[in-house]
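Reader: Could you walk me through reading a sheet and the helices around it?
Author: Gladly; let's look together.

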Amino acid sequence: MKPLVKHDNRKVRSFRWLSLVAAIGTLLLSVPRLGRSDSFVFYFPKSRSILQTRNYGDAQYLPVLQTLNLFGTVESLKSRRRSLELYFNSTQIRLQQDNPVVRVNNGRVKLAQPVRFIDGQWMVPVDFVTTVLPTVVNQTVEYQRGENRIFVGGIRPNSFTLHLSPLQEGAQLTIQFTEQVNLRTAAQNGKWILYLGNNPVEPIESNFEFRNPYVSQVKFDDHDGLPKLIVTPSAPGFDFYPKLGEGRKVLVANIMQPGATVAQQAPVPAEPAAPTLPAPATPPPATATGGLTPMAVPNLSLPAVVLDAGHGGSDIGAQGKGGLLEKNLTVQLADQVRKTLQATGRYRVVLTRTGDVNVGFDQRAAEANIAHPLAFISFHAGDLGPSTPRVMVYSYRPSSPLAMTPGPDPQQLFINWEKVQLRFMNQSNRLAQGLQQDLQRTTKVASTPPMEAPVRVLQSIAAPAVAIEVGSLTPDGNSAALTNPAFQQEIGDAVVAAIARLQGGQP
Amino acid sequence: MHRRALILTIAVAVILAAGIYYLMTLRRHITPTVESTLRSEQTARTQLNEEALQQSGGQAQIITLYFPSYAGGNLLPETRSLKLSSDNIKAVRQILLALIEGSHQGHGTALSPSTSIRAVFLSQDGTAIVDLSQEALADFRPGIESESLAVYSIVDSLCANITQVKEVKFLVQGQEVQTLDGHIDLTGNFAPEPSLIAQTH
């Protein structure tokens, strides 16, 4: 009897443990969690803007200040610990953390989910755009639940139906649009991309899957504000012949075996009044795994330039009037400079941070040092006084002359992590001076000579390294100039010029 | 018996609910009270600092403090008459208190008014080790330039007025910190940086 009792006890005990673990698991699973971010496109009659949404639990959230800023200027803002009060278009809006009720003047609007304060940003569930926004901005706002796009101001978006039919040595894709489109084609990652022009598109269905030997999927995408159809072939090596006809409302695309003649199909008459239609685009030579275009594969023989977007994740950095955060602005700047550098075809760009995540100083340095870069450029924004925009360039100098003895040769396997930048100080100073001159030439706002300071992020970089700070980004100043694409492009141009100069060895 | 237990439970629940409701209503009233306490605390601390500044022994002398000019991107000198203690550690404390008190001419501040000085040490090689409270990390004007100015406002002010202080090392709550606000490396000693001081005619 005794062993049996023991056995039973063990059973009961293990059952208790199991149920405890299950209970904790259920509890943890039921806690809403921060999820991935997604793009949300606002289509206005003459422009479009993209905001990043965040998922919290099952709900999708938009940053409220950035959303309102797309429609005008927030007139005043009072942010307390658990509530936010702001005036927009002479309307008072009051939000309270974890409360779904939004007070608009004296009225109350209940949102589907409670308002959240995530990573220093006030976030509202997406239904804010249909419940609160129309009354505040006095414009019609069209939004379909579950979609990542809204149409503002009575826009009539284009839409389409799609049909795939077999051909003798291929397949024919026929797409009927409700409005005229302008077509531009491109090939990327072994897929064909059909850009549909500037008019917004609201698809009835976004994803079409086929069991066809030539085409496996057609997907609509506009997460970057550019409406396009992405056609995925079932196997690599096919030719693609798109043609626009019938008043630019019907697109017929033939996907053919290589060598098959196009003349045997193409039932849609050619439309001479379609100047945007380019020559047929063929996909790149694709490998068995789907293949990548030469543009997508970094050419490792090119010299690397490391771009470091300061802050990120919970470290939001400086905060501007209207909710602009330094961590987001630095990503914008790094991205603009990346594009400008890559456009030269002379550099390979390495980013130390992609996405809104915390990256430590040493992690940034490791990322940079592995690439053996030509230069390292860190982007920051902060308080640079009342005259805005302003740009400052920094190079590294230790905080004490006693720390000036450089470490061992960085070519050795082990580098003195804390002192490695000392070996590159002359080159960094030269880069800073060149960059300041180029910035002064392009932006006309970098009149202050470069400064030397113990900037932490530059300390462990085994390459010429500088930090660029743009300003002023402060809660009481106007930071609109800093997000101006022309200003960011000027910074990109200056960086390209300064790096070329550094490469040429000129002072 | 069963019925009594039920009544008792309901009574406790009602009392609890009433208590929570009362506390919630109180919270609204409490907030401004806390603010005013903070304000009066700050005033008291300023008065205390002022006394500490003036009641130290020794002759009154002219000292120069360097306050950040966030608009100009440099440090602006401001002179004060102060009975600087002959004890170097006390003198470091006095200069820091004067910096915390802020500029009389409306320049920027390096340290938040709520910062307190936890400890000051002076090593034989002339390093002043300054241990500041957590509040030193608050209310920062953001950016590389601002952070640099805040740090050198303290370093330059200390080194300019106390000859024995050659370098400054910062601690916050007794710990070494990487940066104050994500930019300037605080792990090393800081030598003064006279080039940041605005050139006066």
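Reader: In S5(B), which residue is the bridge partner of Asp131(B)?
Author: That partner is Leu171(B). Strands and helices here are DSSP runs numbered from the N terminus (helices H or I, at least four residues; strands E, at least two). This is a predicted model, where local features need pLDDT of at least 70, side-chain atom pairs count only at pLDDT 80 or more, and totals for chains, interfaces and linings use all residues. Residues are numbered from 1 along each chain as its sequence is written, while chains are lettered from A and ligands numbered from 1 in the order in which they are written.

Reader: How many bridges join S4(B) to S5(B)?
Author: Strands of a sheet pair through backbone hydrogen bonds, either parallel or antiparallel. Strand S4 (residues 127-132) of chain B and S5(B) run parallel, joined by six bridges; pairing takes at least two DSSP bridges. The open sheet of chain B has three strands in the order S3-S4-S5, with mixed pairing. Strands S3 (117-122) and S5 (167-172) of chain B are at the edges with a single partner strand each, so one side of each lacks a neighbour in the sheet.

Reader: What angle do H2(B) and H3(B) make?
Author: Two packed helices are described by the angle between their axes and the distance between the axes. Helix H2 (residues 88-101) and helix H3 (residues 144-161) of chain B pack at about 140°, with axes 10 Å apart. Axes are lines fitted to C-alpha atoms, for helices over the stretch in contact, and angles run from 0 to 180 degrees between N-to-C directions.
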